[in-house]
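Subject: Structure handover

Dear colleague,

I am passing on a structure that you have not worked with before, and my notes on it follow below. Please read them with the model open beside you.

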Amino acid sequence: MSSLARILDDLGSTFLDVVASPGELECEISSVQIYDPLDELSIGRGAILLGVGVEGADRVCALLDELGAQQAAGLVVKMPVQLDEVVRAKVLQTGVALLGLTRAASWAQVAALLRSLLAEGDVAGEPAESPDDLFTLANAVCELLDAPITIEDRSSRVLAFSGRQDEADQARIETVLGRKVPEKYQRLQEERGIYRELYHSREPIFFDLGNGMLPRAAIAVRAGDEILGSMWATVDGPLPDGRRRAFADAAKIVALHLLRQRAGADAQRRLRADLLSTVLEGGRDAADAAARLGIATERVCVLAAGLHETSIEDAAGREGERQRFCDALALHVGAIHPHAAAALVGSVAYAVLPMHAPGPDAEARAVKVAESFLARTGRRFPAAIGVGRLVNTLAEVGRSRADAARALRVLRSRGASGVAASYAEVYFDSLLLQLGDLVAAEEQPPAGPYEKLLAYDAEHGTDLVLTLQAYLDHLGNVHAAAKAVQVHQNTFRYRLRRLTTISGLDLDDPGARLAVSLQLRLHQ
C-alpha cells in the first residue's frame, strides 16, 4: 500500500493541499470512500474520506471524531477550509489529516485519480495510463463530435490524435506529422488572441482564422485551476449545444488521463532515484536495487552531473530543468550501454556507467562519454560533470560516487561549464575544499605568520599579503612576481624583507612556505 505522504507528493498541489496534519503522513492508505450523510459512516483503517458537501468547522470536527474512532487516514473537504484552533486541536487529537481540495476541481476526478494510484499497489509501479490510452480517447471524442481531434500539451506538442486527419487542412496535417503545431500557426493564433481566450475560458471556444484553415473548436484541459493542455477539433461550424457539452465532458476525462500519466511518470522517476541511491551507497541492499534497475554490477564508473541554475529563479523551474537534464543524461548513457542507469538524487543527476572494455584508460573513456553528452546538450543545459574512479564491484561503488561528487564540486567552485573531469584530475583542489570545510566547521581562524600579516595590512593599509602571494605563485621569481603586482623589482624586494621581518616567516623553509600557501588558499 501507498503512504499518504507519498500520494500527496506524487500528486503535487494540483488538487490537494494539507490544511492540518497530526504529524508525519506516513500512514498507509487502504481505500478512498465518498461521504454520504444519509448512510452510517463505516470505513476501514487507513481510508481517505472525500467529504462532498462538508463545510464549517463544527461539521468538520464531528467527522474527524468519527474518522478518528475508525482509524481513518484523512478527510478531504473543498477549499477554503475554516481552520481555527479547535479544528487544529481536533486533527491532533484524532490523528486524521485534514486535506483541502481546490475549489475548481471535480470530486469525480480526484476520486478516480486516487483510486487508480491505489489500484497500482504501489505508486512507484507502472504508470496507470499508457500513451495509447490517449489515442483511444482521441478517437472516441472524434466519434462524439464527428470531427478529427488532437490533444496537445501547454507547449503545443501533440500528445495524441484521432483518425480522419485527412479530412482536416494543411495546418493540421503539418501539426500531426511534426507532432507539434508549426511556429507560423502558433504565431498566427497568438496574434489573434486565440490562446488567451482558450486559457481564460472553461467552455469550448470556436474560431475561424481563414487563410486556408478550416474552423476550429478548442477547449483547455484543466485540473482544478491548473491548465494541463488543450484539445482541438477541426469542424465545419460552431458546435451544437449537445456536442459542446460532450466536448467539455471529454476534456475532464483527458485531464484525468494526463494526471495519471504525470503521477505515474513522477513515481517511476522517484523509484529509480531511490533504487539508484541505494546502489550508490553500496550497502547490503545494493545488489537487489541494481537487479531491479537492470544495471551492471562490475567495472563501473559513476558520473555526477550538475546544472548551472543561476538563470532560473523559481524553485519549480529549477526542478523541472533538472529533471529534463537527467532524462537527457539517462537517454545518453542508455544508448551507450544497455545496463547503464541515471537518476536525479537531490539536485545532482547521477549515472552508473559500465566500462567493461579492458585497459587502464577506462576513466578517461568515461570522461569522453561525459564530454560527448555536454557537447550535445551544452546550449540547452549548461552543466559540468565529475567522473568517479573505476570500481570492480558493487560494494565499492560508493567510492566512485564520492569521487564524482567531489570532482563536480571542484568544477562548480571554478564556475566551469561544459567541462567534465575525473577525480584524479582535480584531486588536490578537492582536498583543499575538504580541508576548507574542516576549517570552517571548527571555526579555525588564520594563525602564525599569515595572521600577523593580515593584522598588519589591516592596521596600516599595506599589501604585504598580496606581495607574499605573488612571490609564492611565481616560485620565488622576483622579476615575474613584481611584474604581476605592477611594482619595481627593488620595491618588491623591500616589501618581501619587510613582510619576513613583521611575520617571522622563513621563506627558505619549504615547510613554512607550504603552511602559509595552504592558509592563503583556505582563507581566501
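Strand β6, residues 149-153, is joined to β7 by three bridges in the antiparallel sense, and two strands are said to pair if DSSP finds at least two bridges between them. Please keep in mind that this is a predicted model, in which local features need pLDDT of at least 70 and side-chain atom pairs count only at pLDDT 80 or more, whereas totals for chains, interfaces and linings use all residues. Residues are numbered from 1 along each chain as its sequence is written, and side-chain values use heavy atoms, with hydrogens and water left out.

Both strands belong to an open sheet of five strands with antiparallel pairing, in the order β7-β6-β10-β9-β8. Its edge strands are β7 (158-161) and β8 (205-207), each of which pairs on one side only, and the twist from one strand to the next averages 25°. Helix α6, residues 170-178, lies across β6, β7, β9 and β10 and runs at about 55° to β6; contact means heavy atoms within 4.5 Å, and angles, from 0 to 180 degrees, are taken between the N-to-C directions of lines fitted to C-alpha atoms, for helices over the stretch in contact.

A second open sheet of five strands has mixed pairing and the order β1-β5-β4-β3-β2. At its edges stand β1 (16-20) and β2 (31-34), each with a single partner strand, so one side of each is left without a neighbour in the sheet. The twist in this sheet averages 30° from one strand to the next. Strands β3 (residues 47-50) and β4 (residues 74-78) run parallel and are joined by three bridges, with L75 in β4 as the bridge partner of L49. Helix α2, residues 57-69, packs on the sheet and touches β3, β4 and β5, its direction making about 160° with that of β4.

Turning to the side chains, the structure holds twelve salt bridges, each defined as a side-chain nitrogen of Lys or Arg within 4 Å of a carboxyl oxygen of Asp or Glu. R164 counts as partly exposed at 26% relative accessibility, where buried means under 20% relative accessible area, exposed over 50% and partly exposed in between, with a 1.4 Å probe and protein chains only. Within helix α7 (residues 183-191), R187 and E183 lie four residues apart, about one turn of the helix, and form a salt bridge whose closest N and O atoms are 3.6 Å apart.

There are also seven aromatic pairs, meaning rings of Phe, Tyr and Trp (its six-membered ring) with centres within 6.5 Å, counted as stacked if the planes are under 30 degrees apart, edge-to-face if over 60 and tilted for the rest. The ring centres of F207 and W232 are 6.0 Å apart and their planes stand at 85°, so this pair is edge-to-face. It links distant parts of the chain, with F207 in strand β8 and W232 in strand β10, 25 residues apart. F207 is buried at 6% relative accessibility, and W232 is buried at 3%.

Technical notes. Helix = DSSP H or I, 4+ residues; strand = E, 2+ residues; numbered from the N terminus.
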